[in-house]
Amino acid sequence: MAQAVAQVIHRDPALFYWILFPITVVMILTGVLRHYATILMQTTPKKQDIKALREQRALLRGINLRSNASVLSPSSFQARRTYLVSAYQAGAFLKDPDSKGKPPANPMTDPAGMDQMMGMMKGNMAMIVPQTLIMGWINAFFAGFVILKLPFPLTIRFKSMLQSGVATRDLDVRWVSSLSWYFLNLFGLQSVFTFILGNDNAASQMAQQMAQMNPSAGAGMFGPGQDPNKLFQSEAENLEVVEHQWILEGVETRLLNSFT
């Protein structure tokens, strides 16, 4: 039976020092600089009003009740659900009860909304500008180079991801181009940034994108243009349809059965 001939490409060993190593170092240094630039661009958070803070925490209370309902007894869960549903529907936790039923304020005229949008814009600029410059640098100096070969086999679906900028049909999929190495570093250096800067860092582009898609439970809970009353009404409906199942239901019988 004929065996497949291994594809061999004679590469200059200097490619490691002049392409692969510089791209990796530049990506790490860019992430570190992005982290400190993001810290410098952050504005001092304004002290929240007590009513606005109560509004946010009240909605969080309903979300936590749904998420951890199984640890509460049926009577405790029912009492909490009845209280929160009635309070949500009556608008008892609204920061401005007089605005109930009115259209939300224009976010362009809301100072809090403007600050939030400005913060998001600064974060996007800190991601877009460095990556645009690095990609232009790689395309100008390192385009078309094949720099390394992966030691494990891959399917043909990985060819477009690993060989960007190298338009060859017969090249083995395990070979990695310089542009693809840039993309691999872009999304694969999270553990390096965590080791250098700690868990709470702004160096990883993927982490920042996830943070923007999932706002924190603080001031970002009520985004610009959102109606808090509609959020409370929606949470009240979610609480009403929750099917409660106590985790300790029949625990005595289950414990005795485990010894029989």
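Leaving out neighbours within four places in sequence, Val-71 is in contact with Trp-246 and Ile-247. Val-71 sits in the loop between α2 and α3. This is a predicted model. The points below cover this loop residue, the salt bridges, the aromatic rings, a surface patch and the confidence of the prediction.

- Val-71 is exposed, because its relative accessible area is 55% and the cut-off for exposed is over 50%.
- Val-71 and Leu-248 are 177 residues apart in sequence. In space, their C-alpha atoms are 7.6 Å apart.
- Which residues does Val-71 contact, leaving aside neighbours within four places in sequence? They are Trp-246 and Ile-247.

**Salt bridges**

- The model has two salt bridges.
- One joins the side chains of Arg-66 and Glu-235, with 2.6 Å from N to O.
- Arg-66 belongs to helix α2 (residues 50–67), and Glu-235 belongs to helix α9 (residues 228–240), so this pair ties together parts that are 169 residues apart in sequence.
- Buried or exposed: where does Glu-235 fall? Glu-235 counts as buried, at 4% relative accessibility.
- Arg-66 counts as partly exposed, at 32% relative accessibility.
- Arg-174 forms a salt bridge with Asp-172. Their closest N and O atoms are 3.3 Å apart.
- Arg-174 is partly exposed at 23% relative accessibility. Asp-172 is also partly exposed, with a relative accessible area of 21%.

**Aromatic pairs**

- A pair of aromatic rings is described by two things: the distance of the centres and the angle of the planes.
- How many aromatic pairs are there? The count comes to nine.
- Phe-16 and Tyr-17 make an edge-to-face pair. The centres are 5.2 Å apart, and the planes stand at 90°.
- Phe-16 is partly exposed, at 42% relative accessibility. Tyr-17 is exposed, with a relative accessible area of 56%.
- Tyr-88 and Phe-93 also pair edge-to-face. Here the centres are 6.0 Å apart, with 70° between the planes.
- Tyr-88 is buried, with a relative accessible area of 1%. Phe-93 counts as buried too, at 12% relative accessibility.
- Tyr-88 and Phe-93 belong to one aromatic cluster with Tyr-83 and Phe-232.

**A nonpolar surface patch**

- Phe-16 lies in helix α1 (residues 14–41).
- Phe-16 is part of a nonpolar patch on the surface. The patch is formed by Phe-16, Tyr-17, Trp-18, Phe-21, Val-25 and Leu-29.
- Together these residues have about 700 Å² of accessible area.

**Confidence in the prediction**

- The chain averages a pLDDT of 81. At least 70 is the score of 83% of the residues.
- Which helix has the highest mean pLDDT among the elements of the chain? Helix α3 (residues 74–90) does, with 93.
- Helix α8 (residues 205–213) has the lowest mean pLDDT among the elements, at 55.
- Over residues 215–220, pLDDT stays under 50. The model has 10 contacts for these residues beyond four places in sequence.
- Where pLDDT is low, the predicted coordinates should not be read in detail.

Definitions and conventions:
Residues numbered from 1 in each chain as written. Predicted model: local features only at pLDDT ≥ 70, side-chain atom pairs only at ≥ 80, totals over all residues. Heavy atoms only, no water. Phe/Tyr/Trp six-rings, centres within 6.5 Å; stacked < 30°, edge-to-face > 60°. Buried < 20%, exposed > 50% of the residue type's maximum accessible area, 1.4 Å probe, protein only. pLDDT = per-residue confidence, 0-100. Helix = DSSP H or I, 4+ residues; strand = E, 2+ residues; numbered from the N terminus. Contact = heavy atoms within 4.5 Å. Patch = residues over 30% accessible without salt bridge, like charges linked within 9 Å, V, L, I, M, F, W, Y side chains within 5 Å. Areas by Shrake-Rupley, 256 points an atom, 1.4 Å probe, with all protein chains shown as cover. Salt bridge = Lys/Arg side-chain N within 4 Å of Asp/Glu carboxyl O.
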